[in-house]
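Morning, everyone. Please bring up the structure on your screens, and we'll walk through it.

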Amino acid sequence: MCRLSAIISDEYFSPMENIMALETMKEGHDGSGLGLILRNLGGAFEELKENPILSGICSKESIPILDEFMVKLGFRTKHLWTPKISLKKGMSIKKRDFYFARAYEYPDWAQDADQQTKENLLLKTRLEIRNMGLADDTMYVFSFWPDMITLKEVGDPLEVGEFFGLDQKPLLAKTILAQGRQNTNYAINLYACHPFFIQGNGTMTNGENTAFVPIREFLTGRGIPGYVGYRSDSEVFVHILHYIRHELKFPLKYYKDVIMPLFDREMGERSDRKAIELLKRVLRPLTIDGPNCIIGFDQSGTIFMTQDSKKLRPGVVGGVPGKYALMSEVCGLDAAVPDRDTSKDVFPMKYDLVMVDEEVKEIKVWNQKHGSMSTVN
Amino acid sequence: MESKTRLDVNGQLTIKDLPYFIHWNPDKCTRCGQCTSVCPNQAIEPAVFVSRLVSSEGSLPMPATVRTTYHGIRQVTDIEHYCVGCGMCALVCPNGAIYPEYNPANKFLINQNRGGAPLKRGGRRNDPNTSTLDKLKFTRISMLTDPALDAGRHEFHIRTLLGRNISPDQLPLTVKDDDLCLDETVFVPPVREIFPIRIGGMSFGALSPNMWEGLAMGVAYLNEVEKIPVVMCTGEGGMPTRLLKSRFLKYFILQIASGYFGWDEIIHAIPHMKEDPAAIEIKYGQGAKPGDGGLLMAFKVLDLIAKVRGIPMKIDLASPPTHQTKYSIEEAVAKMIISMSMAFGFRVPVYPKISGTKTALAVLNNLARNPFAGALTIDGEDGGTGAAYNVSMDKMGHPIASNLRDCYLNLVKIGKQNELPIFAAGGVGKTGNLAANAAALIMLGASGVDCGKYIMQAAAGCLGDEQNRCNLCNVGRCPKGITTQNPRLYRRLDPDLVAERVVDVFKAADTELKKIFAPMGRSTQLPIGMSDGLSVSDRQIAERLQIDYAC
């Protein structure tokens, strides 16, 4: 089973906090990999909020190919971060040549372009680089987006954290998602490792997605170039989120109504009943059917957790104003935010979408059945 | 003068030429005559036989031979009165003295074209081989990584949508104060939520009044008491006017076919309808007899049917092979869909039904571009019929599995698989696996399925099978009273018992569908297109259907 660890804070913190939380939940995962997404970055990247950051891994031979490609497109390097690799004896990690997070200046023609043009440029560029490396696995690229870095590697999460030197010279961020397991339902592949990301939206998931194939077929028919990959059945969750938030531009709470729609008889209390009835019908193939616990963030920076009605995957949210954590298990929450009022911990039930926005002042619980929002702080 | 001993047998058949042998046991037979009176094809007749008896009387053995006569049953070898193998004789015999047996070496088809008229019959394709649908297995069983659900305790929603769904980018929704608001001034096509197994079109005319009434009662009970929203298609020929004006109309799909039979009554009833029908099905083709129109032979056009259809009694009602107004799919079919939609105030889904064909994709693509097309039903070669030429039934048509799969994958390619539902028919439950066949078709991409023959067999004991058994539907001599308009025959059928069995069938299928979907971890939505759940142990089928091969 996967274990998930997400933390949002109003101060910069190290991803080692997420990794240590994963370590406490180790009985629940097989330690086969680590995926990290850091957003709202600190350190050297704090001054580069508008610059898109390309996160990936290259072989020695493909470094110049990538550089040449980016130069040709007009992207100019602004800042390069590479981890200080520390491959200690006993670590089972197989080191790859070049891990990087590189901040770029937009090409001149795109400097003053509108947001949509820039977003499409970043997506297109990431997909092209991805395709360049697919044949021989010489080039992986996980995200290309401002103020966001993705790191992924196969191995025990704590070892991977140390391998990247995050315990010595950490990257800092205000929102970090970490997942402590490689995808083991399908082949081990870095592109199968959560969290997944597309145009400002990211998710990671615990549980198998039984409705994967029909959902994938529906998504790929939308004509959106980023809906590719699917080395993991969980990648569809981020694409659904992107479709709801980025393409249809619906509020985040409707993500719940799309992937886990209410039965018609349960819709009576919703003032938007007619809208969600139609939404359920029209987006019927996106119903996930579970069992899944999903943690993610949307393009506004709000971080959330939700579960389907089968509720066969653990999940808890808690914290204090200024720092909240969304974890698979309470022990992980205890590790991340030990000094909190545990009576205010939220265990999302089947109708709940639990959210914490970037102000980090409170937990909001959207109850899908009652159509009500409550807060815990 | 011709010799008495000449053995000329020109044109005569032997029993071995016929499709069924009659086994009659003179020792058990009580000569009650029930078998001969019930035989729908007069294939057996009373006869006098001669017997040689050797006996001895007195104290010493003095054998003597005497010839005696006795009465019994003889199988007729006249091709017009061949034994159809229905087995009604065995059913009524009080002493188990008679039964038919299939003769695999028969020469029936070779002889059944007397007078230059090819064989016409009812029933289905005579092919007893295992169908593709029966070869498909459900192999994605949830284990450990994803616990299976409990079919008995978990809540399942075994429902599908009938009707056109709009594209997500056409959603008339706006965001106001973080809520979605529906713009109700925008037209959204009607959609019905129904049980994914429907009763396919069997006409009031092809079916006896008792059979039709039994089905209708069963469907109403399922909806109103069991809360299983099963719908039933009328077939061509309309339905009784009192039902058109009743609140039960919502459980029926009204079919319009190329003869437009019954539609005069329907059009006149529209202003008096309390409910809208579930849908309108425009029949362009039928899987059992592709390219042929409907056929209700004169034997069955009696008083009630003539009234409902608005025609004289006792004439053959042959619907044309195609709608006379149809000269192009782009225009005429679209117009017909719009006309029918308009007649019901755009509140009722309207969709075409075609027979399985290599050209199904062309039809599908046209419908996909027509925003008023509510669905497409494709009827495969294993569908049944009340009357058709044998050659149409046996040799014409397309299997449903690959036809459906091609169409579904094409919808996937153009991103419209949720906008235009496909219903699959033809051989669903052919060997009794109703729920399994339905689930397999759903996982290949069908939104739902139709069944006809299955329900006739399960609900009323139809005797037909894939070895040409019975199949007298066309001549109105159905010995079970299912496909006849002869009151002496259809009074054999109790409509209440038919209704009870209809309810049994759908309740059982509902449970079986849960038993299939639960181990696959699916409960909230029907697994339409969940092809990763299917496997087959035939590589060519696997490749053709783009599913896994497992052995």
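What percentage of the 377 residues in chain A do buried residues make up? The answer is 54%. Before going on, a reminder that this is a predicted model. The predictor gives an ipTM of 0.93 for the complex. The pTM is 0.95. For chain B, the mean pLDDT is 93. In that chain, 99% of the residues reach 70 or more.

Let's stay with chain A for a moment. DSSP runs give nine helices and 17 strands there. The radius of gyration is 20 Å, close to the 21 Å from the globule rule for 377 residues, so chain A is as compact as a globular protein of that length. Along the principal axes, its C-alpha trace spans about 60 × 45 × 40 Å. Now the contacts. Take those in chain A with a separation of 6 or more. Residues 24 or more positions apart account for 71% of them.

Next, chain B. How is chain B divided? Domain 1 covers 15–117, and domain 2 covers 135–161 + 193–549. The centres of these two domains of chain B, taken over C-alpha atoms, are 40 Å apart. Where they touch, domain 1 of chain B supplies ten residues and domain 2 of chain B supplies nine. Look at the domain 1 side of that contact in chain B. By class, it has seven nonpolar residues, three polar and no charged ones.

Now zoom in on a hairpin in chain B. Strand β8 (residues 173–176) and strand β9 (residues 179–182) of chain B run antiparallel. Four bridges join them. Val175(B) stands opposite Leu180(B) in β9(B). Two residues lie between the strands of this hairpin. In the hairpin, Asp177(B) takes a positive phi near 50°.

Keep that hairpin in view, and turn to the interface. Here, 36 residues of chain B are in contact with 31 residues of chain A. Which elements of chain B each supply at least two residues of the side that touches chain A? They are β8, β9 and α12 (400–414) of chain B. β9(B) gives the most, with four residues. By class, the chain B side that touches chain A has 18 nonpolar, 13 polar and five charged residues.

First, α10 (residues 360–369) of chain B, where Leu364(B) lies. Is Leu364(B) buried or exposed? Buried: 24 other C-beta atoms lie within 10 Å, and the cut-off is 20 or more. Set aside neighbours within four places in sequence. Leu364(B) is then in contact with Leu376(B), Cys407(B) and Asn410(B).

Last stop: helix α13 (residues 434–444) of chain B. Why call this helix largely enclosed by the rest of the structure? Because eleven of its eleven residues are buried. Among them are Leu434(B), Asn437(B), Leu441(B), Ile442(B) and Met443(B). The run of alanines is buried too, including Ala438(B), Ala439(B) and Ala440(B). Just after α13(B) comes Gly445(B), with a positive phi of about 130°.

That's the tour. Over to you for questions.

Key:
Residues are numbered from 1 along each chain as its sequence is written. Chains are lettered from A and ligands numbered from 1 in the order in which they are written. This is a predicted model: local features need pLDDT of at least 70, side-chain atom pairs count only at pLDDT 80 or more; totals for chains, interfaces and linings use all residues. A residue is buried if 20 or more other C-beta atoms lie within 10 Å of its own, exposed if 12 or fewer, and partly exposed in between; C-beta atoms are placed from the backbone. Two residues are in contact if their C-beta atoms, placed from the backbone, lie within 7 Å. The radius of gyration is taken over C-alpha atoms; the globule rule is 2.2 Å times the number of residues to the power 0.38. Domain bounds come from an automatic or database domain assignment. Ala, Val, Leu, Ile, Met, Phe, Trp, Tyr, Cys and Pro count as nonpolar, Asp, Glu, Lys and Arg as charged, and the others, Gly among them, as polar. Two strands pair if DSSP finds at least two bridges between them. pLDDT is the predictor's confidence in each residue, from 0 to 100.
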